[in-house]
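Have the 3D view open as you read.

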Amino acid sequence: MIQTDAPAGIEGLIEPTRVHSRLYYDRDIYQEELRKIWYRSWVYVGHVSEIPQPNDYVTKSIGPTPVLMVRDRNGEIRLLLNKCPHRGNQLCAYRQGNRATFTCPYHSWTFSNTGELIGYALADGYEGESKVGVGLGTVPRIGIYRGFVFGSMAEDGESLMDYLGGAKAAIDQLCDNSPTGEVELTAGFLQHRTKANWKFLLENETDGYHPGFVHGSIFQVTKSGIANLYGTESTALTRDYGNGHTEFDLRPEWRRLGEPLKWFGTNEQRLPDYVAQMNATYGPERARQIMIDGSPHTMIFPNLFIAEIQIFVLQPVAVDETIQHVTAVQFKGAPDINRRLRQQTMGSVGPAGLLLADDTEMYERNHRGALIQDPEWLILSRGLHRERIDENGYRIAHSTDEVPQRGIWKHYLKLMQE
Ligand code: FES
Ligand SMILES: [Fe+2]
């Protein structure tokens, strides 16, 4: 453990415009984060489209804890903890499938997909014992918004709607880009393992200061003009929605340019079926506005990143290790745009993709840097002098300013002090 002179309490490590390096590497702080954030807050788990049929299941997680997201035989979505109550064996080792029951591989106890114990193997050894109360652990609260399934390990607390607050609008904006109003996360997930603390990833998702430098090479080869969004002249904004939710809002730039599908690097001529569907669903005027505004770039605390055309799910597995689960957004019933969404996702965040590799290099360097003792404090003051409040009451500033990072730490401190 690295020695430090910083005060022991968490409040001594977080100030409005700087945070202490210890927050990223201290094992005790990480354990406290699991208790106070990951096992208490609402955390994104999965999407209903991943389990469309009765008895479908998929293996997910809440922080390091494995969770089975299940649709039971009556169609209800449930979140079960993937642990056999007999001797604690991991119950299900498959990533996904369809089954009404789960049988533990160790001593063959069988459970229904609603969590109840159905039967013991060699049942004579349990004569007279009740099966009631010997079921699987469950995530006590489930909240679903437009197909996005969240779970909270806390029995009580604010509703998912109150928790999402203004960030709900980002999920709406994403879904509105679908001609059916629905997204599907059915393209399969890639997993990127990063040797860095989860908060470096969380902060970076809405950091508009780094792309011009870290992603300079990809912007150059694609000649996309994206670099301008992250320049001094950009009208794009950073936003703090409160509750730790943050955004990089590109709409002012796209509206200034006023070209439908420019946000996706294409135009209406290239996606005629999609455009026709959008016009039919929303009417030409609203459809045009949606296609100009594009999809959001919003980080829903602590783990759901809507990255315009991808969904990233952050999963901390250790104080210095994080997995990013990545998939392409798919718009239900829109095959022409979906194909391009998958292709662009592979190019940017696939195994040989350029974008995420750049970021991952930065995360791991961040973590190595955090372990160096001097200087101990990291600076988050960018754009403080030009912060302002938008028409909905949320704090905003220039696209390269650190409004999101200050917002994240403010919420983090509140949770860790509760
Ligand atoms: S640990 Fe599961 S049946 Fe024994
Ligand atoms: Fe990046």
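## Before you start

This is a predicted model, where local features need pLDDT of at least 70, side-chain atom pairs count only at pLDDT 80 or more, and totals for chains, interfaces and linings use all residues. Residues are numbered from 1 along each chain as its sequence is written, while chains are lettered from A and ligands numbered from 1 in the order in which they are written.

## A buried strand

Six of its six residues are buried, so β3 is largely enclosed by the rest of the structure. Buried means 20 or more other C-beta atoms within 10 Å of a residue's own, exposed means 12 or fewer, and partly exposed is in between, with C-beta atoms placed from the backbone.

β3 runs antiparallel to β12 (148-152), joined by five bridges; strands pair if DSSP finds at least two bridges between them. Y44 sits opposite F150 in β12.

## A three-strand sheet

An open antiparallel sheet has the order β8-β9-β10. β8 (101-103) and β10 (117-119) are at the edges with a single partner strand each, so one side of each has no neighbour in the sheet.

L122 isn't a glycine, yet its phi is positive, about 50°. L122 counts as exposed because it has 8 C-beta neighbours inside 10 Å. E308 also isn't a glycine, and its phi is positive, near 60°, but E308 counts as buried, with 20 such neighbours inside 10 Å.

Notes:
Helices (H or I, at least four residues) and strands (E, at least two) are DSSP runs, numbered from the N terminus.
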